[in-house]
Amino acid sequence: MASDKSSDIRLTALFLDMLAAEQGAGVNTLDAYRGDLEDLSGFLARHKSTFQTADTQMLRDYLGDLDDRGFKSSSVARKLSSTRHLFRFLLSERVRADDPAAILSGPKRGRALPKVLSIADVDRLLTQAKTSSELPEQSPLQKLRAIRLSCLLEILYATGLRVSELVALPLSAARRDARMIVVRGKGNKERLVPLNETSKQAMADYLAALEATHREQKKSSTASKWLFPSSGESGHLTRQHFARDLKELAAVAGIAPRLVSPHVLRHAFASHLLHNGADLRIVQTLLGHTDISTTQIYTHIVEERLKSLVRDLHPLADK
C-alpha cells in the first residue's frame, strides 16, 4: 500500500508541474489542487484503490463521501474539477487508457452574489484607517503598521487588485511619477492598472514611514524588492496577515468583521464602478477576468440595488 500511496504522490507532483509550466498556475492555485488531490488519494487508499486503478463508481462514491462529510456544493464542485483535470492529464500522458471522471456530474449550484460593502461603509473603513495611523502615543512599529494598513486599503479600493496581487506588489509600483502599475495576475498574465492621486499619496506616506523606521533601526531601505516587505518566507506581507488586520479595523469602525475581507473590497471596487456607470468591459479588464461572465455577476448587484431603490422610493410603490 505504501508503494500505491507513493505512486499517487508522484502523479500529483507531475500534474502540478504541468499546471505550473504550461498554464502558469500560481502558488495558491497549486496549493488548492494539491489539497484536493491529497483528499481524493486518501479516500482511494482507504478503499484499496489509487489514481491508476480507480473507476467511475469509486469516484462517485468519493463525491458521496464529500457530501456525507458536510462539504458545501461549491467545495464539492471544486474538488470534482480538480479530479477531472487530474484524470484528463493521466489519460493524455498515457498513465491510464481511460478517463473515469469524464462522465461524472457535480452538484447543481446557483452562483451566489458576492458580499458588497456600501460606499458609506468603505468610506468608514478608509477614514478609520487614516485616523488609526495618526493616533498619538504609538510606538514607531505600531504607527508603521497602521500607515501600511491605510495604504493597503487605499490601493485595494482604488484598483480592485486580488489580495495576492496587492501584497506582492514590487517596490517599483510606488514610483512618484507612476500613473499605472503593471500587475502580474492569474496565469502569470500582466495587465495595466491605473492609480488615483489618493492611492499614490498613500504609498508615498507609507514609504516615508518605512524609510524612517529603517533609519531608526539602521536597516537598508532597499533591502527588499517588495512594497510591503516582511520577514516571512515569501519576503512580503501575507494575505492572511492583511485579512486579520482588516477585520480588526472593521471592528473598530463599527462594521461586523464577518462582512469584511480583502475580496469583499475587490467586489466593492467593481460594483461601485458599475453602479456609477462604468462599462462592463473596462471593469473586466481592471479586474483581470479572462471571461466576461465572471464580471457579469456584479451587474446583478446593481440590478438588485436599482430594484430596491424603486421599491423604497417610488411614490406608487406601496399602492
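**View 1. Asp 65, a buried residue with a salt-bridge partner.** Asp 65 is buried, at 19% relative accessible area (buried means under 20%, exposed over 50%, partly exposed in between, with a 1.4 Å probe and protein chains only). Its side chain meets that of Arg 69 in a salt bridge, 2.9 Å from N to O (a side-chain nitrogen of Lys or Arg within 4 Å of a carboxyl oxygen of Asp or Glu). Arg 69 is partly exposed, at 38%. This is a predicted model, where local features need pLDDT of at least 70 and side-chain atom pairs count only at pLDDT 80 or more, while totals for chains, interfaces and linings use all residues. Residues are numbered from 1 along each chain as its sequence is written, and side-chain values use heavy atoms, leaving out hydrogens and water.

**View 2. Glu 165 and Arg 191 link distant parts of the chain.** Their closest N and O atoms sit 2.8 Å apart in a salt bridge. Glu 165 belongs to helix α7 and Arg 191 to strand β2, 26 residues apart (helices, H or I with at least four residues, and strands, E with at least two, are DSSP runs numbered from the N terminus). Glu 165 is buried at 5% relative accessibility, and Arg 191 is buried at 11%.

**View 3. The buried residues of helix α9.** Look for Phe 242, Asp 245, Leu 246, Leu 249 and Ala 250. Down the axis of α9, these buried residues fall within an arc of 140°, so they line one face of the helix (the arc is that of the directions from the helix axis to the C-beta atoms). After α9 comes Gly 254, with a positive phi near 80°.
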